[in-house]
Amino acid sequence: KMTQQMRDLQLAQARKPPGPSSPNAAKRLYRNLSGKFRVNYTSFDEGSLAGRADKDKLRKSYLFQSNAALFEAVELQDLDRVQELLKQYSPEELDLNTPNSEGLLPLDIAIMTNNAPIARALLQAGAKESPHFVSLESRSLHVSTLVREAEQRVNELTAQVVNEAPSTDCSDKEKQLKAWEWRYRLYKRMKAGFEHARVPDAPTNVHLSVASSSSVQVTFWEPLSVNSAVVTKYKVEWSCSSNFSPVLGEAVVDKLKNLHYTIQGLTSGTAYYVRVSAYNMKGWGPPQASVPPFAIPSNWREYDGRAPRRRGQAEALDHLLSQVKTVHQHCVCHEPCKNQPQSRKHSVSKSLKHLFHPGSKFLKTLKRGLYLTAIFYKDDNILVTHEDQIPVVEIDDTYSCLLMQDFLWFTKVSCMWEEILWLRQCVTVSQSSCSCILQTRFKMLLAISQMQGLLGIQDLGQVFFEPVKDKQGNILIVTLKEVKTNQTFESVRWVPVCKLQSSRKSVSSPEEPTALDTLLISIQDKLAYHQRSSHALSPGLYLGYLKLCSAVDQIRVLVPEQLPNILCHVKIRSNPNVSREEWEWLQKMASMDEPVPAEPEAETSQNHLFQELQVAIKELMTLVNIPLQEAKDFRLYSQEVLDFGDQVSFLLLLPPSDDVCTAPGQNNPYTPRSGFLTLPLQIFELGEDR
């Protein structure tokens, strides 16, 4: 007879159809899931109530089949199929945490058969253990009941098969007998796995660090031995006492993809002790105290009470800009062209009429001059004109000023694409000086307006860090923008980049290519640069290397090609916060002529940071091709930690003061390996802010 517990479970699952009756049926079931049971729901008539009902019925049936397939894949220890199902369906669609008619979940079967790979895959997908197993006794009783009832069913079917004459019914009974024999062996294996298991060992590498002025973070690894049972969760406890009496709080970590936990809402300046223990189906294992044994919530700014560098800066700049706009709007409205000669007004009027004239269009070829080109791309496609040309408009056909200063001014304008009309009004009012620089910059604004009008797009994207030049005197300023959505445009169309490169007929010689040919040849590199410059660093504390070189008209900074918006760097650790104690130690180290090595046996956060810095400095010196013996003359920038939001921070490593910036003609004995480039400092600053 079945126990009352099993009757309750069966009643609770009465609406759930039984699973496949045999291992072979199960194999056929989940092998054919991707084809046989797939339904094209879009073929149903949404206006028909009956159609919707049929659709819902088929969908429920389909999802049930996937749930049954998951159970059978776990029972048959088919890891590939389990991973495929978890990838194909959401946990809700799979009913991942709904017990079957035996009161079991997929995770229960995996851990009691000690199938660690499948159990880990299920845990990362959000699988839980059965809520029926509230104690060791209840789990033991449940599994024993399953074994006993399966054995009883096998004995009954065996007797029927032996005593009955061969027939169709007998053949069905033999199939049922094989299925129940297989299930009996599975339950016996689960029972043996449960009885053999022991509680897990303590977690390893339990490390405690200060996450902020009100939080600490603990990270840990799996136990060295789980004693034949997969760990399904961890418990983090914290206290102000080293003997954890009393325990101030605890938290259960059951999302095991990343083994860490941040304890929030702590008191700054108070020491907190932390320990972690692991759990498997046999219960909680012994706790492991953290290293260091305690941490004090704090931040490096508390060392001298320093406010964040950028606090209020954005608001102040917005206020300043609004004031400037107000002043210029007053000038434009009440003193239109007061000091502007008649000839100048006529010239400007003519330019504006030309801008909106129907004949205003993209250029096909370049003559000697300064031009603007806009590159819009999506995946492997690029926007071109109907003549299969990259969109180009003329800025100035008689350009003779210093390019770098005008180019850097243009890059700043790229932060205000939506304000071009207002900027044109400002420059127009200021043209009484007849400055060559103002004339050129006004023409730049006109060209931007023309490009925006022809494309019907206001945001032209990010300026490439250097213009494209040729020996014929042409200069191309290039902007790049990635289009995320499927947009259509009137005057341009999408074509594959490779098709554009192969179909364009060059009008120049390979020895002296035009600026347009050079742009087309190098367009893949420029697209790659644009994509990389928008990548963000993962959260953490980094060690950055500041190296500058100067030229006649600019200062350039060394950056990695893979992340050109960030200094050369290596990651120190995943926790971006520098605590007050760590910063105080760094200040002492910076003030010493010969820093005293930290004692390895001292379990403090300062010594741990010292070891992390040693590893990071060696890695960084190798990265930028500087002999390690030269690192003794380098310095850590000890004025501040550079915070980039709440998740990324930098410590700066500086060369000797004479070598921070290499002057023109100065020999640089250490050349970085491939994979680096130098950006104009202003371009780097703009990219860093994006």
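Me: Which residues lie nearest the centre of the largest cavity?

Reply: Keep in mind that this is a predicted model. Rolling a probe the size of a water molecule over the atoms shows where empty space is left. Here, 14 residues line the largest cavity, and Gln 462, Val 463, Ile 683, Leu 686 and Gly 687 are the ones nearest its centre. Two elements each give two or more residues to that lining: strand 12 (462–463) and helix 20 (681–689).

Me: How many residues does helix 20 give to the lining?

Reply: Helix 20 supplies four residues, the largest share of the lining. In terms of domains, at least three lining residues come from domain 3 (361–533), and at least three from domain 4 (540–593 + 602–689).

Me: How do the lining residues divide into nonpolar, polar and charged?

Reply: Seven are nonpolar, six are polar and one is charged.

Me: What is the volume of the largest cavity, and how many cavities of 30 Å³ or more are there?

Reply: The volume of the largest cavity is about 100 Å³. The count of cavities of 30 Å³ or more is five.

Me: Now the rings. How many aromatic pairs does the whole structure have?

Reply: The search finds 13 aromatic pairs. Take Trp 238 and Tyr 261: their ring centres are 6.5 Å apart and their planes meet at 25 degrees, so this pair is stacked. The cut-off behind that step is that planes under 30 degrees apart count as stacked. The pair joins distant parts of the chain, with Trp 238 in strand 3 (residues 233–239) and Tyr 261 in strand 5 (residues 260–263), 23 residues apart.

Me: What kind of aromatic pair do Tyr 542 and Phe 650 form?

Reply: Tyr 542 and Phe 650 are stacked, at 5.5 Å centre to centre with 15 degrees between the planes. Tyr 542 belongs to strand 16 (residues 540–545) and Phe 650 to strand 22 (residues 648–654), 108 residues apart, and this pair too links distant parts of the chain. Both Tyr 542 and Phe 650 are buried.

Me: Which residues form an aromatic cluster?

Reply: One aromatic cluster is made of Phe 464, Phe 465 and Tyr 529.

Me: Which residue lies over the face of Trp 284, and which has its charged end over the ring of Phe 244?

Reply: Lys 235 lies over the face of Trp 284, 4.8 Å from the ring centre. Over the ring of Phe 244 sits the charged end of Arg 275, at 4.3 Å from its centre.

Me: How far apart in space are Ile 521 and Gln 501, and what separates the C-alpha atoms of Val 615 and Val 570?

Reply: Compare the position in sequence with the position in space. Ile 521 and Gln 501 are 20 residues apart in sequence, and 7.2 Å apart from C-alpha to C-alpha. Val 615 and Val 570 are 45 residues apart along the chain, with 9.8 Å between their C-alpha atoms.

Notes. Residues are numbered from 1 along each chain as its sequence is written. This is a predicted model: local features need pLDDT of at least 70, side-chain atom pairs count only at pLDDT 80 or more; totals for chains, interfaces and linings use all residues. Side-chain values use heavy atoms; hydrogens and water are left out. On a 1 Å grid over the protein atoms alone, a cavity is a set of points where a 1.4 Å probe fits but cannot get out, and a pocket is an open set with protein on both sides within 12 Å along at least five of seven lines; lining residues have an atom within 4 Å of a point. Grid points are joined across faces, edges and corners, and a volume is the space filled by probe spheres set on the points. Ala, Val, Leu, Ile, Met, Phe, Trp, Tyr, Cys and Pro count as nonpolar, Asp, Glu, Lys and Arg as charged, and the others, Gly among them, as polar. Domain bounds come from an automatic or database domain assignment. Rings of Phe, Tyr and Trp (its six-membered ring) pair if their centres lie within 6.5 Å; planes under 30 degrees apart count as stacked, over 60 as edge-to-face and the rest as tilted. Buried means under 20% relative accessible area, exposed over 50%, partly exposed in between (1.4 Å probe, protein chains only). A charge sits over a ring if NZ of Lys or CZ of Arg is within 6 Å of the ring centre and within 35 degrees of the ring normal.
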